[in-house]
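Subject: Structure for you to look at

Dear colleague,

Here is the structure I said I would pass on. My notes on it follow below.

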Amino acid sequence: MRTRTATLLVALALLLAGCTSGGGDADDGRITLRFQSLAWQEESVEANKELVREWNAAHPDVRVEYVQGSWDSVHDQLLTSFEGGEAPDIIHDASDDLADFAYGGYLADLTELLPDRLKSDIPERSWETVTFDDGVYGVPFLQEPRVLIANADLLRKADVRIPTPEHPWTWAEFRQVTERLSGDGRYGVAWPLKEPVSATLNLSLSNGGRMFHRDADGKVTVRFEEGDQVVPRTIHDQVETDRSASSDTLGSGGSDTLPGFFAGKYAMVPLGFSYRQQIEQQAPEGFDWQVLPAPAGTDGLAQGVSPQTLSIAEDTPHKKEAAAFLDFLLQPDNMVRLALGDWMLPTATRALKAPALHTAERGWATGTALAGHLRSAPAQSVRGYPEWKDKVATPALQEYYSGAIGLDELRERLEEDGNLVLARYQR
Amino acid sequence: MRTSTTARVGQYAALLAYLVFLAFPFLWLISTAFKPPRELGSLHPTWIPENPTLDNFRQAFDEQPLLHAALNSLLAALGAAVIAVVIATPMAYVMARRRGRLARAATGWVVVSQAFPFVLLIIPLFLVLKNLGLINSVPGLVMVYVVWSLPFALWMLAGYVRAVPAELEEAAAVDGAGRLRTLVSVTAPLLAPGIVATALFAFITAWNEFFFALVLLKTPEKQTLPVILTHFIGAEGVADLGPLAAAAFLATLPSLVIFALIQRRITGGMLAGAVKS
């Protein structure tokens, strides 16, 4: 009995030992800022932690505490933290997640807080992704284009023209190439379209597809016009007519297609630029792969992106100090370190000039050449977009790509059902 | 009635299939945890890694504070299990033995309370805990877990209490045992397997819980294993599969060990105390 009582007491003592308060300012006037980072790859986490260490070493009065967040749950976690007044001071997120927080008054307007150096170094098109109602609610610092990762041996054997950012494939040419690469149980391309909406919308910018049109009165309507149709029609025809794209991968995520890609089952896979890290790690010895630009349309290589962002919480009493930390973190050299760690591209012009980002190795040069073509994702600031995406566009596109419905029904659902959804947010 | 050989073979085959079905994810997890990245990307994966490696474990420990998180999970789960059982046992006894309006209302409340989704509860809970200064603390999380697991623990234990024949308590009373003596010497031993099973339920529920821990714990030193595991997942669901599998494998071990230690007591204690010595 004594042993049991002792065990219980030890357990209680351990429980109490676990009880401490959170961060905050020390009595000696030192400030502590909590920086919630979503870095997750080994190199990226290390780069972030290293930069925090360097800041802390140089700024003993403003200490930054690195807090690990996760992409998987960041929205719910931040929403609750904001509501409870316990949000981190500096917040890492993606621009397409910021609208609700910005309109909700949870994020600080950075317009007057950021140094001119940073404002002028990042192009206007990137600032557009974080601008809501004339306020700037984050610093877009990393972005990634969608590229084609190709099996170089198969391209050589098929003797197809290798596209470059200066001379890319058109969508029609891309369709022909995938046909040539197909046969003997192999597909020219595998489209991982578990999340078909962002891939379709972002690539459709190359043909001037906007999908969301803002009228003079500020209301947004969905119109599925010619420019919006080129990409979905190409994918649909590759799967249904040419059989040059595998129907098996339509419901898969990007990582799921890699084993088939390595085994030569698919010649190309359209993926985000950062997937190169997984390919580098997982590809069999001697597997020769290369990065190609996504096909170009009437608007060239334009495509939509939602950059990763750094924001400051409206509730923090130390906005200036937080902005100073952002300035440090996003110095050109530091931005390059973060970009290399995440296998992504920096948004800032000076950082993009770093030699490490212009090497042909692992496709860095191809990706960097695409940076100038990246635009704000079409749905970036459309209220009601998440519901339109989940309830209307995702099932409609999935059915269209799998051949269950035709283009007319796809248009009807995207427009009619979609506008009903958006109307509820714009009353 | 004797079971025919064919029927028996069928039963064993069904049992085997069920065991394989249950074990498959865990065995695959172990296999993945020991595979190097190149084998993870193979179109024809093997059960036994061709070049087994401990690199995934090294990387998982290097990148995330797994031991610290395991300790936090253990404290939260043990605390929740002990407190939930201590509170639920007398309540369950009253619910099961007393047949009045109050007991019926309590039963009804237990059922209704299970219908509330987490998202409705989390913000009020967050604010209450914040006012108590219990955000970012394991005791705060324990309080939430106790509240969360109590209704089901109560429901479960009440069932165990009902399974103990009231006649045994009456017989003890006839033999001259007082109320307390009857409870301690007759009812409690018979209820022990139920208490252990309920504690195990509360422990595993808290051990696996993610959402409350995610929202209530702010700093890495306080976070629990399920929260830490999500740090191996990137944007658009891309996962660092090897280290994630290694960390997930380690995360399953404590509950497996505890279950292995306790399950004998659950079955062994079923009839303990039923016979007068």
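Chain A holds 18 helices and 16 strands. Please keep in mind that this is a predicted model.

Overall dimensions come next. The C-alpha trace of chain A spans about 70 × 60 × 60 Å along its principal axes. Among contacts in chain A with a separation of 6 or more, 74% are between residues 24 or more positions apart. The accessible surface of chain A is about 17,600 Å², and carbon and sulfur atoms contribute 48% of that surface.

I also went through one sheet in detail. Four strands of chain A form an open sheet in the order β8-β11-β7-β12, and the pairing is mixed. At the edges are β8 (187-189) and β12 (289-293) of chain A, each of which pairs on one side only. From one strand to the next, the twist averages 30°.

Helix α11 of chain A, residues 254-262, packs on this sheet and touches β7 and β11 (266-272) of chain A. The direction of α11 makes about 155° with that of β11(A).

Within the sheet, β7 (residues 146-151) of chain A runs antiparallel to β12(A), and five bridges join the two. In this pair, Leu148(A) stands opposite Leu292(A) of β12(A).

Regards

Conventions:
Residues are numbered from 1 along each chain as its sequence is written. Chains are lettered from A and ligands numbered from 1 in the order in which they are written. This is a predicted model: local features need pLDDT of at least 70, side-chain atom pairs count only at pLDDT 80 or more; totals for chains, interfaces and linings use all residues. Side-chain values use heavy atoms; hydrogens and water are left out. Two strands pair if DSSP finds at least two bridges between them. Axes are lines fitted to C-alpha atoms, for helices over the stretch in contact, and angles run from 0 to 180 degrees between N-to-C directions. Contact means heavy atoms within 4.5 Å. Accessible areas come from the Shrake-Rupley method with a 1.4 Å probe; for residues, only the protein chains shown count as cover.
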